[in-house]
Amino acid sequence: MVLVSQRRNPRLALLKPNDATQADAILVDATDRVAMAWAKGQTWLADRTVIWVDSPTPAPEGHTDIRRPVPWPALPITLARALEENAIAHSGRPDFGHSSFSVLPPTEQASDQTPSERVLVVDDSLAVRNHLQSLLGDHGLNVTAVDSGEAAVSAISANSYKCILMDVLMPGMDGYETCRRIKSLPGKKALPIVMLTSKSSPFDRIRGKMAGCDAYLTKPVNPNDLRETLRHFVRFGSNSQFFSKL
């Protein structure tokens, strides 16, 4: 059981079984009979963030599967992804607060959107990729989604995009390094890159600027900030209603 502290200096705390209901995330070793017997008796786990290690069957909706060996240095990223996917499963959206993603109204003008308005979403969470791809696609944007920095570099090398929405915390090449790689590609220095992340310290913003990102939006995303950012980078025709009702 893991408690993600909400203090000024965030930390991880391991809880005892008696305190399990206070945990933000629960890791269950699916190969351990005792652990599985305990999990089966905890009906409240259905709506909680649970990470199943080496489960022989797919995890329930909102839960996460991982395989051994568990990369402990990447555990904070795994926990963040699990919490995000659980939020999507039980509320219909990731934990961006009252962000634009949840209130963008369907528009009858979506079919008038030019195909050149392409946006690339980069996130290692399948749930987040599907969520953003569906929501933004329904509102007139041609959205491509990839799961890693390496895949993003490959996609951008072969295609043209008007804007990139990219998470910072990803296994392998993180968002900062991915941004640097993209900006170094021929003809891509001016390609707008917007970081969407829960990392909000001044140091993180400086790192983003040094890497070349054009905007840095923290989660939960402020609706007005997100709207104005996309409005600046994604150009719409005079008949577009994409933001008119936001």
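1. The buried residues of helix H5 pack against strand S6 (118-122), strand S7 (142-146), strand S8 (163-166) and helix H6 (175-183). Contact here means heavy atoms within 4.5 Å, and helices (H or I, at least four residues) and strands (E, at least two) are DSSP runs numbered from the N terminus. Please keep in mind that this is a predicted model, in which local features need pLDDT of at least 70 and side-chain atom pairs count only at pLDDT 80 or more, while totals for chains, interfaces and linings use all residues. Residues are numbered from 1 along each chain as its sequence is written, and side-chain values use heavy atoms, with hydrogens and water left out.

2. Which residues of H5 are buried? In this helix, residues 149-158, they are Gly149, Ala152, Val153, Ala155 and Ile156; buried means under 20% relative accessible area with a 1.4 Å probe, protein chains only. Viewed down the axis of H5, these residues fall within an arc of 165 degrees, so they line one face of the helix. The arc is taken from the directions from the helix axis to the C-beta atoms.

3. The largest nonpolar core has 23 residues, and Leu120, Val122, Ile156, Ile164, Met166 and Met195 touch the most other members. Such a core is a set of buried Ala, Val, Leu, Ile, Met, Phe, Trp, Tyr and Cys residues joined through side-chain atoms within 4.5 Å. At least two of its residues come from each of S6, H5, S8, H6 and strand S9 (193-197), and H5 gives the largest share, four residues. Apart from this core lies another, of 16 residues, among them Val121, Leu136, Leu165 and Val234.

4. Now to an open sheet: its three strands have the order S3-S4-S5, with parallel pairing, where pairing requires at least two DSSP bridges between two strands. Strand S3 (26-29) and strand S5 (64-66) stand at the edges with a single partner strand each, so one side of each is left without a neighbour in the sheet.

5. Four bridges join S3 to the parallel strand S4 (residues 50-53). Leucine 27 stands opposite isoleucine 51 in S4, and valine 28 opposite tryptophan 52.

Note on methods. Buried < 20%, exposed > 50% of the residue type's maximum accessible area, 1.4 Å probe, protein only.
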